[in-house]
Amino acid sequence: MSIETTHLGVLLIIVIMAAVTLVTRWGGPFLMSYVTINPRVESFINTMASSVLIAILTPMAFTGDLGARLALATTAILMLALRKPLPAIAGGILAAAGARYVFQ
Amino acid sequence: MTTSATTYRLDPAQVRAEFLRLLPISLFVVAFGAAFGLAAVQKGIVPLEATLMSVLVFAGASQFAVLELWGEQVALLPLIAITFAINSRHLLMGASLYPMLRQMPIAQRYGILLVLTDANWAVAAQDYQNGRRNLEVILGGGFVLWVAWLIGTLLGVYFGGLLQEPKSLGLDMVLGCFLLAMALGGRKNSRVIVAWTVAGAAAMAAYWWLPPHTHVVVGALAGGAVGFFWLERQSDEH
């Protein structure tokens, strides 16, 4: 089944995307309301939380270009050294821009 | 359930403070929004439609992905499957906030989740790891990110030529660097390091061998499993 990309069709596409995304935003807490929270479940949730970030970042580092890798490495070093997010992020972005300027 | 129902009250001053806290990062979101707006009009989507998509969907990665499907027609099942797969990380993010969300009235709980996205969730999760309850950042931070995404899209559909090559400015790495800074700002001990290693390995395995867009959920659940079996001792808490 397909949707024609006429004005009405595009509206329908937007509504479908919005509804599916809303299900993902609401679904987690909704499902959790049926789960009894004990220390084991809480430990699972807490560990999963930071693992989400690692699961997003690892493929970025593995498959990214030199700029992407330098950006992440710079952010990691600055964050561990300074413990301040904004300079760490700014350093990472500068590293990506710099690497791409020099090597491309 | 009724006993703990409303012990979390959003503090309006704190919501405003979190709006301002995420204001710097939202400036970069404007650039991403502009890149989306530009890409959308290049696919033949009219400005109003592209803007409406950003307003209602507010999930950048899935919006970019749908442009890949764009043509005279858009196939319904791939549209639903891709949108769900890319945004399925919200399921885990929302679930991780549940211990705090459950202490809030249901209307507020689902209301603030309307603007749940990676950046504001990452701040809330990091604060929680550090012993601070902060759902204000979901609302205040989410709102500023949503406004930035909207402004960016508008700029992109009308003045897209200004930002032809966001990559050469390193702008594609903003979110990655931000999320990494949040991850490293949380608590680290041997249990967390093992969980991260498992999460990273599972994410890469899923990235290479499982269907596209499943790696975030697979990696996060694998990391969570480490926490399920390896409980933190009370003495490690602080």
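Predicted model: local features only at pLDDT ≥ 70, side-chain atom pairs only at ≥ 80, totals over all residues.
## The interface between the chains

In this model, 67 residues of chain A are in contact with 91 residues of chain B. The size of an interface is often given as the accessible area lost when the parts come together. For chain A and chain B the buried area comes to about 6900 Å², and carbon and sulfur atoms give 76% of that area. On the side of chain A, the residues that lose the most area to chain B are Met17(A), Arg25(A) and Arg40(A), which together account for 11% of what that side buries.

## Polar contacts and a salt bridge

Between chain A and chain B there are 23 residue pairs in polar contact, counted where both residues have pLDDT 80 or more. The rule also finds 1 salt bridge across this interface, and in it the side chain of Arg100(A) meets that of Asp172(B) at 2.7 Å, taken from N to O.

The side of chain A that touches chain B draws two or more residues from each of β1 (2-4), α1 (7-32), α2, α3 (66-82) and α4 (85-103) of chain A. Of these elements, α2(A) gives the most to that side, with 23 residues. Sorted by class, the side of chain A that touches chain B has 43 nonpolar, 17 polar and 7 charged residues.

## The largest cavity

The structure holds 2 cavities of 30 Å³ or more, and the largest of them contains about 100 Å³ of space. Its lining is made up of 14 residues, and those that lie nearest the centre of the cavity are Ser50(A), Leu53(A), Gln126(B), Gln129(B) and Met182(B).

At least two residues of this lining come from each of α2 (39-63) of chain A and α9 (118-129), α11 (174-185) and α12 (190-209) of chain B. The largest share, 5 residues, is supplied by α9(B). By class, the lining of the largest cavity consists of 9 nonpolar, 4 polar and 1 charged residues.

## The second largest cavity

The second largest cavity has a volume of about 30 Å³, and the residues that line this cavity are Ala49(A) from chain A together with Ser96(B), Leu97(B), Met100(B), Ala124(B), Ala125(B) and Tyr128(B) from chain B. Here α9(B) gives the most to the lining, with 3 residues. In terms of class, the lining of the second largest cavity has 6 nonpolar residues and 1 polar residue, and no charged residues.

Key
Residues numbered from 1 in each chain as written. Chains lettered and ligands numbered in written order. Heavy atoms only, no water. 1 Å grid on protein atoms, 1.4 Å probe; cavity = no way out; pocket = protein on both sides within 12 Å on 5 of 7 lines; lining within 4 Å. Points joined across faces, edges and corners; volume = space filled by probe spheres on them. Helix = DSSP H or I, 4+ residues; strand = E, 2+ residues; numbered from the N terminus. Nonpolar A, V, L, I, M, F, W, Y, C, P; charged D, E, K, R; others polar. Contact = heavy atoms within 4.5 Å. Buried area = accessible area lost by both parts, 1.4 Å probe. Salt bridge = Lys/Arg side-chain N within 4 Å of Asp/Glu carboxyl O. Polar contact = N/O pair within 3.5 Å; in protein donor to acceptor, adjacent residues only side chain to side chain.
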